[in-house]
Every structure is written in structure tokens, then in C-alpha cells.
Amino acid sequence: QVQLVESGGGLVQAGGSLRLSCAASGRTFIISTMGWFRQAPGKEREFVAAINWSSGSTYYTDSMKGRFTISRDNAENTEYLQMNSLKPEDTATYYCAAQTAYYTNGYYYTVPAKYAYWGQGTQVTVSS
């Protein structure tokens with residue numbers, strides 16, 4: 001089992017920045033990829049970014065590329081999501097997730113059902 005705990009959410013004004021963290025514990029050696037998703041009230045869970053746990057290769061959804069940066073610290077078993085130039089439409093609960101299978105097609109990083117483990121979520125609210 002892998003446990004994931006997010007932190008770093010909060011209230012920020014439009015144009016501001018936040019850095020989310022996700023600490024992994026347990027059998028972390030089985031993690032292949034970690035990702036970030038978000039879900040706003042009444043909307044489906046949306047892919048944000050993913051990072052290959054060993055190589056550090058990253059994958060982003062186009063709309064967030066350039067504003068959001070995913071990174072990881074293998075020694076600390078932690079992934080991060082740096083969010084800049086935040087907009088009110090970025091308001092959502094942000095979840096980190098971990099895959100244990102290996103995919104060569106980046107599409108599968110965007111599919112929530114392909115992630116075996118999830119954190120409890122952290123709320124990000126961007127005021128206008």
C-alpha cells in the first residue's frame with residue numbers, strides 16, 4: 001500500500017502563487033508515475049500534470065503548461081506542484097495520485113482510473 005498526503009492549499013488572490021506538496025509513504029518503491037488532478041464543484045476530475053518517478057519526465061495538460069510546474073524529490077518521496085499566475089477558474093480541490101503500472105502512451109497519465117492510490121485532496125481557492 002501507498003499513502004499520499006497533500007498539503008499547501010489555501011486562499012490566494014488572482015495572479016498569486018501556491019506550491020502544493022504530496023508526501024508518499026509505505027511501499028513507495030512500487031510507484032511508477034505520480035500525478036496531480038483537480039476537481040471543482042459539479043465538474044469532473046481533471047488531469048493537471050504527471051511526473052515519471054524515476055526519470056523525472058513530465059507531462060502536462062496544455063491549458064496549464066507554462067503556469068504550473070510539477071517536480072519531485074525522490075529522497076523525500078514527495079512531489080510538488082508549483083502554481084503561478086493563478087486564476088479564479090483554478091479554484092478546486094487538488095488531488096495527488098500514484099500509478100504503479102508503466103505506460104508508454106502519455107494518454108494514460110491523464111486517466112484517473114489508471115491511478116491506484118489517491119490523497120485526500122487539498123483545497124485551492126483563488127479570489128478575483
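1. An open sheet of four strands runs in the order β1-β3-β8-β7, with antiparallel pairing. Strands here are DSSP runs of E of at least two residues, numbered from the N terminus, and two strands pair if DSSP finds at least two bridges between them. The model is predicted: local features need pLDDT of at least 70, side-chain atom pairs count only at pLDDT 80 or more, and totals for chains, interfaces and linings use all residues. Residues are numbered from 1 along each chain as its sequence is written, and side-chain values use heavy atoms, with hydrogens and water left out.

2. The edges of the sheet are β1 (2-7) and β7 (68-73); each has a single partner strand, so one side of each lacks a neighbour in the sheet. From one strand to the next, the twist averages 15°, with axes taken as lines fitted to C-alpha atoms and angles running from 0 to 180 degrees between N-to-C directions.

3. Six bridges link β7 to strand β8 (residues 78-83) in the antiparallel sense. Ile70 stands opposite Leu81 of β8.

4. The whole structure contains one disulfide, defined as a pair of cysteine sulfur atoms within 2.5 Å. Cys22 and Cys96 form this bond, with an S to S distance of 2.0 Å. Because Cys22 belongs to strand β3 (residues 18-26) and Cys96 to strand β9 (residues 92-99), the pair ties together parts that are 74 residues apart in sequence.

5. The torsion about the S-S bond of Cys22 and Cys96 is about 50°, so the disulfide is right-handed. Cys22 is buried, at 0% relative accessible area, and Cys96 is likewise buried at 0%; buried means under 20% relative accessible area, with a 1.4 Å probe and protein chains only.

Notes
Buried means under 20% relative accessible area, exposed over 50%, partly exposed in between (1.4 Å probe, protein chains only).
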